[in-house]
Structures are given as C-alpha cells and as structure tokens.
Amino acid sequence: MPTEPTMPHPITLLLLLLLHALSPTTSAENATNTTASESLPSDGHLPFHRLTVLASHNAHANRAAADSFFETLGINQENSIYEQLRDDGVRALLLDLRLDSTRTDDPLRLVHEPLDYGGFEEEMKANLVPFLEEDENAVVSLYFQTVGDTETGDEDGVRAEMLERLRGAFTSLRVRDAPLKELTFKFEDERWTNHDEWPTMNELREANQRLFVFFDRTEFDDSQYGFMYNQYVMQENDWRGIDTCDSRYMWQSLNVSLPYKSNWSRLFMMNHFCCDSGAESYGNVIPDSSPLLGGGDNGWGVLYPRIKMCMESNGGVKPNFIALDWVVQHTEARAVADFMNFGGALGTRQLCSSDNHCATSSCNVELGLCQCKECSEGSDEICDGCESGQVCFAALDGGLNECRNAERLQMNITRQDSVNVTQDEPQTEKDENFYCGEAYTLAVGNCSLGVVCPNGNSDCPADQVCFGPFECVTDITSQPSEEFLSLPTVLQSAQPSLPTLNSSSPLSTLTPSPSPSSSLNSTVSATDPPVAPVTMYCGETYETAKETCSGETSCPGGYECPSGQICFGGIKCFTRPPTTAPTATPTTMPPTSAPTAEPTREPTASPVAPTSSPTHRPTRAPFDFSNEYYCGTNFTDAQSRCYTTMPCPGGAPTVCADGETCYNAIRCIPPPSISPTLNPTVVPPTTSPVGSFYAPSDAVHVAGHTTIAPFKWEESSQGRILDAIYSLQNVLIVVGYFVVVFL
C-alpha cells in the first residue's frame, strides 16, 4: 500500500508504539470464539471471481521479519508470511516493493517506508514456496505496490530494472522443481480460450496455475510471466479509513479490460483497515481485557456491514480480497468470507450497545449482545442470523433471540370455501404427477385442489414452485375436516412422520405424529423409495442435466457438481419408471348409495363452483440458477429474496422496481420450501440471565462455524499474569513519556 501521508503527534505515536511493541504475541478472540468448520462445502465449483478470501495488508511487515526494535514499530501483522498462509487463512498478500540498487544480495526489497523487512526473493523462498509445496490445492494472489520509483527522476529505468529482477526471481524460485513462473495464472492460455468467465478453482488446480500476480504499474504487465496490471482486471476502494467506501480506481466498472476477455467479471480488492499505522489499528482489532464492539474491525459487526456499504457503492460487486491488518485475529473474518462464498447464517453474540454494532442489525441492549433478527410476519426470507430453514423467535425470558428449525408454513389448512364436492361426483385424478405448492408437504397435501404443472414452474403462481413426481391420492367421497388436515397416505408411507402442529401450540410443544400403520391403503407401497423433492441436477447444459438426471447427479445445495458442470434447477426428473401394465386387481369404488330406477334430477340452475378461483398473479419462467444478477434495495435484500425477486441478467437495472437496483455475484440457493425438513428439530429456549454479557455455554451454529461463549481469560492464572504485564507496560509508558519530555 502507498506510504501514509500523515502521522500522529510524535509523543502519541511513541506511546502507542511502546505499548504495541511490548504487547505479548496474542491470537485471543473476542465475544464470539468461532472455530472453522470441517463441514464447509468445497470451493472447487466457484469461479475465481466468485471467491472471497482474506488478504494481508503489508504481509511482509510482520513481527517475525522485524530484526530490530524500530522495525517492530512499523508492523501490520503478527505472524510470518508462511504462518499467515498456513494458520490465519490468508490467500492474498499485499506487498510494498522498492528497488535498492546498492544491495548486491537481493536488490528488490519488501518495505513499509522507511523500514526494510527483507529481500523479496529471500522472503518468498522462506515463506511462499514452502507453503505452495505443502498445500497443493492452495491458490494464492500477490498484489504488488511499487514505491520509490518516482524519486530518482528515472522512472522508466527503475521500473525496467525491477521488471527484469522480478522475472529472474520468478524463474529461480521453484516449487517442486517447477519455476514459479509456471504456476502463475495466464489468461491467454489456450485452456481459457472458450471460457466466458474466470476459471473455477478446480480448473486452476488442475492446470497448476495457482498463483495470481497483480502490479500497480502498466510497465510490469507481462502475459508470459502471468503479471497483470491491476486496473485491467480489478476495482479497488480508497484505503484510508473504514467509515466510508469510496473509489480508488475503476469504481462501478463491472468487466475486465483484457483482450478477448471483455465479458469476464472485474475483481474487487476491498481495503479494510482503520488507521494510518499498524500500531493504531492494533487496538481496534485485538481485544485487550474485554471484547470489542461488534467483534472489532475484523469481526462480524464491523466487517460485514462494511462489505454491504462497499457493494452498495461499487455496483454490487462482492469483494474477492478483503485486506486486513492483524490477520492473526482472523476467526470471525474467515467466517464472513465463508458466508460470502457459501451462504449460511450471519454471526451473532458480539458485544453491542446498538443495532449498528451487529451484522444482523439486532442488538439485545439489555444483555449487550448481538442476536438473530426476527423476520417480518408472513415473510419467506431467511432471518438474519439463522440458517436456511430456521426462524428467529424472541425469547420469552428476555434472553437472546433464538433460531429454531421449523417450516414457516400454516399447517392447519382448512378446506377451501370455493370447493363444492358432492357425493354424486366420481373420483378424479390429475393426469400429471407434478403439482404446485409453497412447499413440498403442501403440494402433496393439497394436490387435489392445487395447480398441475406439467411444464414446470411456469405453470405455478408466483409464490409457488412445481414439485414431483408423486401420485395424488385423495378419497373425496368423505368430506375433509374443517380442522387440521392430516398428511396424505402417499406422504406418510414414503416419508418420515411430521410433528403435529396446532395453531394454539407453541413450537416447543411439538410432538411427533405416530407412525402410520403398514396396512394403510396407499398407491405407493412402503418399500418404494421416497419421493425426493429435488429439482436441481448437474450437467454441462440444461438439456444434458435433464436427460441424465438421477440421484447421483442431484445438487440440492447448488454446489455439488463436478468440475465442468453447472447445477440447473426446475428439472422434473422421472427417476421412478411409470407403470405400464394394469394392476392385477383394479381398485373399485363402492357406490355411495343404492342405484335408483329413475334418472337423476335435472341439473341445477347454478353451476357447481370451480375448485379454485383463478389467480391474477403472473406466472414466471422456470428458475435459472445460472443467473447471477438480481434486483433488490441492497445486496443483502437481493440475495435473501433472489428466488422471488426480479432477475436482471446482464446487470441492467431497468427491469427493477422503484427503489431497487441490480446486484451482481449472487448465487441463488433455493429457499427452505424447496427441500423442507420433514422432522423439524426444535431447540428449547436457552436461559440467559439478565445482566450478564454472556449467554450460557451453549454453542450456536454460525455460517458453518460454532460460536461458543468466550473463555474468561481474566479469571485464569494466565490472565492474572497478563494483568501484571499490562501494569508493567503502563510503568514503562510513563517512563518513556518522561524520557521524551525531559530528554
């Protein structure tokens, strides 16, 4: 990054630096100690422009590389570059590079002006090369900022020499006997000739092009070595502060400026560090004896709202690189990156005093902790802070809001008033086995009253989806109850039992329904495989996905496809072959009454009312899961409502409603109604004592991470020792102050 133009008052800076230099190495976390999950999906299916990773600001200016006390005063990172890559989850390194021709050993120097942190080739050999050899799946980006080239009066000469030395370094540095230049990404490679977008992570690994190299000077652009000018492929925000998010260059530009690749998406480097120096940002990232509001600058409550701010400003492009100080405090930042890549739940339980301190925009002020946010009544969006398929409920005891597994559906469906069924009417069956519904269970339970959708989602009302295939079995000779309608036998015999839910019963009193008797008369026997509500399948094209669909090619989560294939939705897969032969014993309906000798009476003057009133809502085309552009009032709104909001392919906001615009890089995952949980798990409310800043030791699942009540460091023996160290620091600070003032 560029040299900071302003510095704080010397005495203030000295005190900050003394405190920082004397601080013990720490990786302590704050109020939420989230740990990485082993169950996160693979990123292999993600194109490079859809991936979000952590970047280390001034990665080379770290405590391990500091050879003197004064060098420790200018650091932005704790660990070595190797440890940042291996332990802190970093996948992009921001490096300041200067040419020092007086050095004969390694003239390319890694600097944080005016301090020197070693030679480029030496540091890469000791840190980057071993990591790439150990982790053969790692894809790493280098972002170079050149400094000092404008000071000599011979800019062209300095840059030409730097380029030649860089070429030499990328030739001499070797990863498993392969020169580093062979591992760099080259957009002109014939493998990417027919690519409409950046390659996927799996494609990059298969090609062994695992190193992206970006420079801030056009003179360094060299396609043979994989050196790219950053403004050709990237947009970046101004690095000064985190209260706003303004352009540094190429703001709101959505596509790259590469030959023959003009339709590739532009990447976004998001700078996110508060202050002019690492010593100043340290206190905003690393907690002292108490947690930081929102988890600190690298926490959920600060980082995620800043991402939304930047995306609302830059045209909806999500960050590919999040540049941070002190990546040793990485746990919540990695959870945010995982959320941007795979979705999940926003983080909760950070310290807060207002909604502005929370990623969910919901703070329990009494407890001082962030919590999930209740959805508006009747909303089908995912509640902020909850997983898909969960609902956020207010705790009855005044504790934190809680996420509970439940279908947000009205289960006690009553018979529609518009239906007029008489005993004289014969039993009717739909001629197709696909039915519309807000959820699978409703499509099955109301199939005799619902809309048939032989053509897929296009046949359904706007708030419903096409499900199937399943056989609709309804005995309409008996009147349905006006109260709760039980699930039909086709579902009971083929699926696990659902809990009984009465409108007057709280969720915590759900009890499982008894298993149906094996003697129930059902068209689908108990030995038949379950009717899976999956409508998403992998394939190179929609047609191949439809033709080859099976249980093995299904992708209910939207990300399970192998390399080279895409997950397509709205596919009706006939996995169960239709019955061609007639049944051995035809099913006969007993007469409802003895036949009469006289013909039936004349038809009534008033015709029988239709089974359902026509809908005036427009239907929609089958859902296109490959689209990445959706309308919304902001990015989060567009992402949470992507399945029901207006798509805007190509990025044109003209199709969006008033107050909305078009947002890019949204991977739409079907809402919970597509794959309902047939056995909802009901989590009993936890009891959080009023007045405590921490909930009990319950673990909460957050975006593929486990959020745990914090370890109370100050009560441990190590904490008491640390308090003594802090006291000593204070004494030294006072001594330092008097030294500065009187000497």
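Here are some questions and answers on this predicted model.

User: Before we start, what pLDDT do local features need, and how are residues numbered?

Analyst: The model is predicted, and totals for chains, interfaces and linings use all residues, while side-chain atom pairs count only at pLDDT 80 or more and local features need pLDDT of at least 70. Side-chain values use heavy atoms, with hydrogens and water left out, and residues are numbered from 1 along each chain as its sequence is written.

User: How many helices and strands are there in the protein?

Analyst: Helices (H or I, at least four residues) and strands (E, at least two) are DSSP runs, numbered from the N terminus. On that basis the protein has 15 helices and 27 strands.

User: What share of the residues counts as buried?

Analyst: Buried means under 20% relative accessible area, exposed over 50%, and partly exposed in between (1.4 Å probe, protein chains only). With 743 residues in the protein, the buried share comes to 49%.

User: Is H9 parallel or oblique to H10?

Analyst: Axes are lines fitted to C-alpha atoms, for helices over the stretch in contact, and angles run from 0 to 180 degrees between N-to-C directions. The axes of H9 (residues 300-314) and H10 (residues 331-342) come within 9 Å and cross at roughly 40°. Angles under 35 degrees count as roughly parallel, over 145 as roughly antiparallel, 65 to 115 as roughly perpendicular and the rest as oblique. So H9 is, relative to H10, oblique.

User: Which residue's backbone oxygen does the side chain of Thr360 reach?

Analyst: Thr360 sits in the loop between H10 and strand E14 (363-364), and it's buried because its relative accessible area is 0%. A polar contact is a pair of N or O atoms within 3.5 Å; within protein, one must be able to donate a hydrogen and the other to accept it, and residues adjacent in sequence count only if both atoms are side-chain atoms. At 2.6 Å, the Thr360 side chain reaches the backbone oxygen of Gln371.

User: And which backbone oxygen lies 3.0 Å from a polar side-chain atom of Asn401?

Analyst: Asn401 is in the loop between strand E16 (390-393) and strand E17 (402-405), and with a relative accessible area of 15% it counts as buried. Beyond four places in sequence, its contacts include Ser362, Gln371 and Glu374. The backbone oxygen at 3.0 Å belongs to Cys372.

User: Is Arg176 buried or exposed?

Analyst: Arg176 has a positive phi of about 50° although it is not a glycine. Its place is the loop between strand E6 (174-175) and strand E7 (178-179). Its relative accessible area is 52%, so Arg176 is exposed.

Methods. Contact means heavy atoms within 4.5 Å.
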